[in-house]
Amino acid sequence: MASYVPKTCVFLVAATLTCGLPARAGEPRAVDVISPDGKNTITVALPKEGSQTPPTFAVTRSGRMVIEPSALNIILAGSGSLTGGAQLVSVEEDHLDETTTPPWGKSHLVRNRCSLARLHFKSAADIVWDLELRAYDDGVAFRYGLLEQNAPGLFVLKAETTEFRLKGNPSILFTTVPSFTTSHESLYQHKLYSELPAKTLIDMPLLAVWSGGLSAALTEACLRDFPGMYLERTPGSQSPVLRARLSPLPGRPETCAVGRTPHLSPWRVVLLADKAGRHLESNLLVCLNDPPQGDFSWVQPGKSTWQWWNGTAEEGLPFQCGMNYETHKYYIDFCARNGITYHSVVADDRPWYQQSKVGYAPGPDTDILKPRPELEFAKILAYAKQRGVGIRLWVHWRPLNDRLEEAFTQYERWGIRGLMVDFLDRDDQEMVQFCERVLKSAARHKLHIQFHGSYKPSGEQRTYPNLFNREGVLNLEYLKWSYKCSPQHIVTVAYTRALAGPTD
C-alpha cells in the first residue's frame, strides 16, 4: 500500500502487535495491534481457511469491548467482494513516533505515536490489497488500499458496507441527513443505540457513551479522492448494526468511486476515551494525514468581520449601508481599530461579483472576476491595504470550478488573502476532488480557504494548512431567522461535529 512514512518517524524493533497463527489448519487467525499505553486494541480476525466470509475487526479499551467483531465489506464492480474469501499473504508490523509543530491549531506540538500493522491480502478474484491498522493512545484506525495490479489498474467501487457493531446499548449523540445532497445543518438527537432510526443516513462524527463514562466517536480521516462516509442502521435486527454508506457519484447511484490503483481509502476512525470530554483534545485525525509540502509560513488565521452577518444598520451613519465603498470602509476602520485581521466582502441580495440573477446561485452572466461597479472595489482594496486589513471574498463553488486557476491568479494579483467557498452540499468523490483542487491552487496563490455548506473535516488541514475551517453544522447564522442554535446545541457540537476539526 502506498503509505507515507515521515522522515522524522522512528521504527522500533520491538512490537506490540501479535499475529496469532493457527495451531491447526482451518482454525481462525487474529492480528492484534495495541496502543503504546496498552489500553486500546484493534483486532482483525481472519475466517477459517476456505471460508468465503470477510475478515472482521473488533475494538477494545482497557479490556472492555467497544466494537464487537464487525465485517469488512467492500464491493468492486466486475469482481464482486474484495474482502469475502480473501487470503492473507503476509503481515508487517511497525511503530511510529514523531513530533510535529503545526503552523496553527489547538496544540503547539502534535505527537504522532502509534503501533501499526499492514496486512497484505489477495481477494478471491486475485486482486491484491492491503489493510492497515493503527492503535493510538486516543483511538484506533484502519484503512484499505488497492495495490498496483498486474492487469490495468482501473477500478470501480460499488459500495462499502463495513459494519460497526457497538457493544451493549450505549447512549448516542448523532444527527441525520435526508440524502447525500445536504448542507449538514441539522439538530442533534440523543437516543439509546437500540433506538437509532433505521434506513436513515446518520452523519459523522457520532458519539457513543457507555455506563461509567467510556466513550467512542466514529468518524473518518484523510478523505482524499474518495466519497464521504455515513452510517445506516440495518432494519429489523434485535441487535443494532451500523453499516457504512458511501456517497455515490452524481447520476450514478450504483457507483461510489472510480480510479486507478494504487488507491487508498480514508481512515475509518474510532476515537476512544474514558470520558467524552477528552475527545476534543485529540489530534488523531491530524496525525492520520500527510504532512504539508511546500512553504505555508504565509498562513495567518484571524478574526474577520462580515457584513452579511450583521446586516444593514443605518441609524446615525452618514451614508447608506450596503454593497458600497463607504460601508466597507466603515468595516475596515473598525477592524483596524480593534486588531481584527480580515474583512470579508460578500453579498447583499447578490454576490459582490457581477450577476444579474438575484440570490447566490450563479446565473448565465455570472462573472467571478468582475466586481459590481457600485462596489468601487479597487478603492476598497487600496484602503484596506493602507489600514493593514486583509480582504476576503465569498464565491459560489460552481463558477469557481469553471475558472479556478484564472480566478485565483486574479485574486492574488488583487491582494486578496482568502475566500469562503460556499454551497458545496455534497461529499461524493467529484466534490472531494474539487475541494482538493481548490486547496492546491489556493496554496500556490497564497489564499486561505473556508468551505461552507461543506462535509466534515478529516484532518486534512495538516496537509493543507491554508484550510482554516468548514461549515457543515447548524451554527450561529440560524439566529438571524430562528432559535434553533440554542446553548445546548452549541455544547453538543463540541462533543460531535467539532471532534472532526475546526468548525465555523
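Me: Which residue of strand 21 is the bridge partner of E163?

Reply: The model is a predicted one. In strand 21, E163 has R243 as its bridge partner.

Me: What makes strand 13 and strand 21 a pair?

Reply: Two strands pair if there are at least two bridges between them. Strand 13 (residues 163-166) and strand 21 have 2 bridges, in the antiparallel sense, so they meet that condition.

Me: How do you know that strand 20 pairs with strand 21?

Reply: The condition is again at least two bridges. Strand 20 (residues 229-233) is joined to strand 21 by 5 bridges, and the two run antiparallel. M229, for instance, has L246 as its bridge partner in strand 21.

Me: Which residues of strand 21 are on the covered face, and which on the uncovered one?

Reply: Strand 21 covers residues 242-246. L242, A244 and L246 form the covered face, while R243 and R245 form the uncovered one.

Me: Why is P457 called buried?

Reply: Buried means under 20% relative accessible area. The value for P457 is 4%, so P457 is buried.

Me: Where is P457, and which residues is it in contact with beyond its neighbours within four places in sequence?

Reply: P457 lies in the loop between strand 31 (448-452) and strand 32 (467-471). With neighbours within four places in sequence left aside, the contacts of P457 are E220, L285, R470, R497, A500, G501 and P502. A contact here means heavy atoms within 4.5 Å. As for R245, its C-alpha atom and that of P457 are separated by 18 Å, at 212 residues apart along the chain.

Me: How much of the chain counts as buried, and how much area is exposed?

Reply: Of the 504 residues, 55% count as buried.

Me: What share of the contacts with a separation of 6 or more is between residues 24 or more positions apart?

Reply: Such residues account for 66% of those contacts.

How values were computed. Residues numbered from 1 in each chain as written. Predicted model: local features only at pLDDT ≥ 70, side-chain atom pairs only at ≥ 80, totals over all residues. Heavy atoms only, no water. Buried < 20%, exposed > 50% of the residue type's maximum accessible area, 1.4 Å probe, protein only.
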